[in-house]
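Welcome! Here are a few exercises to work through, each with a solution that goes step by step.

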Amino acid sequence: MNPRIQESIQQSINAKQAILNDADFMARIQQAADMIIESLRQGGKIHFCGNGGSAADAQHLAAELSGRFYYDRPPLNADALHCNTSYLTAVGNDYGYDLIFSRLIKGSGKKGDVIVGISTSGNSKNVINAYETCQVMGIKIISLTGETGGKMKEHSDLLLNVPSHDTPRIQESHIMIGHIICELVEAAMFPKNDQ
């Protein structure tokens with residue numbers, strides 16, 4: 001057997017075990033869910049954004065909320081900011097890629113919404129520009145990053161910085177954290193009798 005397979009699995013476990021052993025981090029996951037629940041209950045929208053693999057995670061998590069997670073229930077108001085390719089290519093071409101998220105959040109966001117930015121480095125310029133727009137508009141900011149939090153750290157209302165510098169391990173933890181948040185949100189918004 002290739003030893004790299006076991007090493008990769010163990011490294012993924014180690015990153016998640018570090019989160020499990022960090023009571024403050026676990027509390028921040030609950031805080032993120034609570035921020036989203038509060039926004040949705042007040043008629044807010046949850047905006048997700050990221051680049052590359054983080055864009056895929058953003059789209060995945062938005063779909064968990066707007067579609068369904070564990071059970072059938074009404075849709076929740078959530079979307080990923082990069083899904084309209086005509087918009088993305090037009091604004092990227094006409095204004096620059098760094099403005100793709102900030103320009104869309106100006107048009108689709110409102111006070112009381114939440115944005116969830118995902119970046120392993122925490123330094124994605126287009127996400128940071130969106131955050132600056134959100135701060136002016138009164139939109140709460142949750143960041144999923146790697147260990148340092150990067151430049152996104154200083155703009156975040158809540159930082160979920162995975163204790164790793166390894167991009168794949170960070171991304172694996174991001175989707176785990178995102179799934180936990182989606183589960184908590186769904187259960188709070190649509191409680192079942194057997195919970």
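## Exercise 1: The aromatic pair

Phe69 has a relative accessible area of 18%, so Phe69 is buried (buried means under 20%, exposed over 50%, partly exposed in between, with a 1.4 Å probe and protein chains only). Before going on, note that this is a predicted model, in which local features need pLDDT of at least 70 and side-chain atom pairs count only at pLDDT 80 or more, while totals for chains, interfaces and linings use all residues. Residues are numbered from 1 along each chain as its sequence is written, and side-chain values use heavy atoms, leaving out hydrogens and water.

Task: find how the rings of Phe69 and Tyr70 are arranged.

Solution:
- Step one: the structure holds one aromatic pair.
- Step two: the ring centres of Phe69 and Tyr70 are 5.0 Å apart and the planes are at 80°, so this pair is edge-to-face. The rule covers rings of Phe, Tyr and Trp (its six-membered ring) with centres within 6.5 Å; planes under 30 degrees apart are stacked, over 60 edge-to-face, and the rest tilted.
- Step three: Tyr70, with a relative accessible area of 55%, is exposed.

## Exercise 2: A link across the chain

Task: work out which parts of the chain Arg73 and Glu186 link.

Solution:
- Step one: Arg73 and Glu186 form a salt bridge, with their closest N and O atoms 2.8 Å apart. The term asks for a side-chain nitrogen of Lys or Arg within 4 Å of a carboxyl oxygen of Asp or Glu.
- Step two: Arg73 sits in the loop between helix H3 (53-66) and strand S2 (78-80), while Glu186 is in helix H7, 113 residues away, so distant parts of the chain are linked. Helices (H or I, at least four residues) and strands (E, at least two) are DSSP runs, numbered from the N terminus.
- Step three: both Arg73 and Glu186 are buried.

## Exercise 3: A network in the making

Task: decide which residues are joined into one network with Arg169.

Solution:
- Step one: Glu172 forms a salt bridge with Arg169, and the closest N and O atoms are 2.8 Å apart.
- Step two: these two residues, Glu172 and Arg169, both lie in helix H7, three residues apart, about one turn of the helix.
- Step three: Glu172 is partly exposed, at 26% relative accessible area, whereas Arg169 is buried at 9%.
- Step four: salt bridges with shared partners join Asp166, Arg169 and Glu172 into one network.
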